[in-house]
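Sequence and structure come before the text.

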Amino acid sequence: EKGGYEHFMLKEIHEQPNAIKDTYRGRLRVKEGIIKMAGVDDNLERFLNANRIIVVACGTSWHAGLVAEYIFEDLARIPVEVEYASEFRYRNPVITEKDVVIAISQSGETADTLAAIKLAKSKGAFVFGVCNVVGSSIARETHAGAYTHAGPEIGVASTKAFTTQITVLTLLALKLAKANGNISISEFHKHLTELELIPNKVAEALKADDHIKTVAATYKDAKNCLYLGRGFNFPVALEGALKLKEISYIHAEGYPAAEMKHGPIALIDDQMPVFVIATKKGHYEKVVSNIQEIKSRSGKIIGIVTEGDEDVKELADHVIEVPETLELLTPLLTTIPLQLLSYHIAVMLDKNVDQPRNLAKSVTVE
Ligand code: F6R
């Protein structure tokens with residue numbers, strides 16, 4: 001049942017090339033130059049007339065929502081707010097009929113997300129679901145939606161659900177950008193073409209596994225870790241830190257790289273591994289100068305870089321390469337080494353990778 005892998009988590013990490021393909025199959029039509037999503041086509045006016053999009057989710061799904069915020073605003077120029085479902089529902093939020101709420105949930109059973117949906121519906125908002133589990137409560141409660149089609153995710157730590165959620169949300173953003181005229185036809189085509197190449201590039205990123213294992217062995221005894229990223233990769237830093245916490249029980253924090261100097265830099269010493277997402281294009285020079293700040297305080301630097309990178313390699317203690325792609329698609333690649341790192345560290349520390357203590361696969365309590 002684990003398909004020859006030692007754990008479900010590892011199997012699910014390796015399933016991502018195919019899972020992403022399953023997510024865009026039938027939707028991404030590069031030759032025809034269209035994206036087909038019935039749940040969007042049937043409600044296109046609701047999306048196009050929206051004052052804003054409010055994303056509600058928890059945990060890893062919330063991180064996918066944050067990535068989506070950057071992508072929606074960049075491509076479709078629609079304002080987006082991303083809310084923890086638990087905060088949103090309890091704070092008397094302003095919701096109107098002109099709002100579109102996107103609820104993201106792997107299980108489709110998360111109690112706070114479900115309650116946030118019911119609240120949004122009662123205020124007249126249009127609610128769109130992005131779920132993995134077919135026929136789940138959230139899938140049934142939303143007005144329309146798009147499944148991720150990632151296949152069953154058994155490991156408690158979410159992996160393929162995250163990358164397939166980002167894939168669905170990217171398709172949605174591209175579709176809306178085309179419909180509202182914020183993207184040129186040639187840019188639209190470029191994005192479709194690049195998105196189609198992502199599964200092969202994820203497969204490429206997975207090949208760094210042996211190297212990642214040696215990096216994991218180097219840092220497995222750390223007591224604290226920092227994860228830094230900027231722009232589209234800031235949420236990936238949050239997700240990297242969450243993965244490490246959940247399965248290895250090492251304290252980790254994700255931060256926007258530029259926020260370092262406003263506090264967390266005080267933590268840096270030679271005992272602190274700092275994982276920095278430093279792919280080309282994404283404010284690369286700025287990230288390089290953030291790396292210099294860490295280095296001058298003796299922090300250990302592990303850079304997640306674009307293939308062939310030179311600058312970060314020179315400064316960092318270790319680098320892990322991912323293939324090049326469009327900047328807004330980089331989260332689909334930079335996430336991969338961070339998942340593998342957490343996995344290997346947890347295995348080396350002899351933790352229960354698939355069923356970490358205190359956690360459940362779906363959180364049906366409030
Ligand atoms: C992290 C993780 C949790 C879930 C969260 C939301 O690896 O698994 O943080 O992402 O409980 O769950 P869903 O997506 O099922 O609503």
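In helix H2 (residues 16-24) the buried residues are Gln16, Pro17, Ala19, Ile20, Thr23 and Tyr24; buried means under 20% relative accessible area, exposed over 50%, and partly exposed in between, with a 1.4 Å probe and protein chains only. These residues span an arc of only 165° around the axis and therefore lie on the same side of H2. The arc is that of the directions from the helix axis to the C-beta atoms. An α-helix has 3.6 residues a turn, so residues three or four places apart point the same way. The cover over the buried residues of H2 includes helix H1 (8-14), strand E1 (28-29), H9, helix H10 (185-206) and helix H15 (331-348). After H2 comes Gly26, which has a positive phi, near 80°. Helices (H or I, at least four residues) and strands (E, at least two) are DSSP runs, numbered from the N terminus.

The model is predicted: local features need pLDDT of at least 70, side-chain atom pairs count only at pLDDT 80 or more, and totals for chains, interfaces and linings use all residues. Residues are numbered from 1 along each chain as its sequence is written, and side-chain values use heavy atoms, with hydrogens and water left out.

Helix H5 (residues 59-76) packs against two helices described here, H9 and H12. Axes are lines fitted to C-alpha atoms, for helices over the stretch in contact, and angles run from 0 to 180 degrees between N-to-C directions. Angles under 35 degrees count as roughly parallel, over 145 as roughly antiparallel, 65 to 115 as roughly perpendicular and the rest as oblique.

The axes of H5 and helix H9 (residues 160-179) come within 9 Å, crossing at roughly 20°, so H5 is roughly parallel to H9. The contact (heavy atoms within 4.5 Å) involves, among others, His63, Val67, Ile71 and Phe72 of H5 and Phe162, Ile166, Leu169 and Ala173 of H9. Its residues comprise 15 nonpolar, five polar and no charged. Here Ala, Val, Leu, Ile, Met, Phe, Trp, Tyr, Cys and Pro count as nonpolar, Asp, Glu, Lys and Arg as charged, and the others, Gly among them, as polar.

With helix H12 (residues 234-248), the axis of H5 comes within 8 Å and the crossing is roughly 170°, so H5 is roughly antiparallel to H12. Residues in this contact include Trp62, His63, Leu66 and Tyr70 of H5, and Phe234, Leu238, Glu239 and Lys243 of H12. They divide into eight nonpolar, three polar and two charged.

| Residue | Relative accessible area |
|---|---|
| Ala278 | 0% |
| Val274 | 0% |
| His7 | 15% |

Ala278 is part of strand E10 (residues 273-278). Residues up to four places away in sequence aside, Ala278 touches Tyr284, Val287, Ile291, Ile304, Val305, Thr306 and Val312. Its C-alpha atom is separated by 21 Å from that of Gly65, 213 residues apart along the chain.

Val274 also lies in strand E10. Beyond its neighbours within four places in sequence, Val274 contacts Leu226, Leu228, Ile268, Ile294, Lys300, Ile301 and Ile302. Pro235 is 39 residues apart from Val274 in sequence and 16 Å apart in space, C-alpha to C-alpha.

His7 belongs to the segment before H1. Outside four places in sequence, its contacts are Lys2, Tyr343, Val347, Val353 and Asp354.
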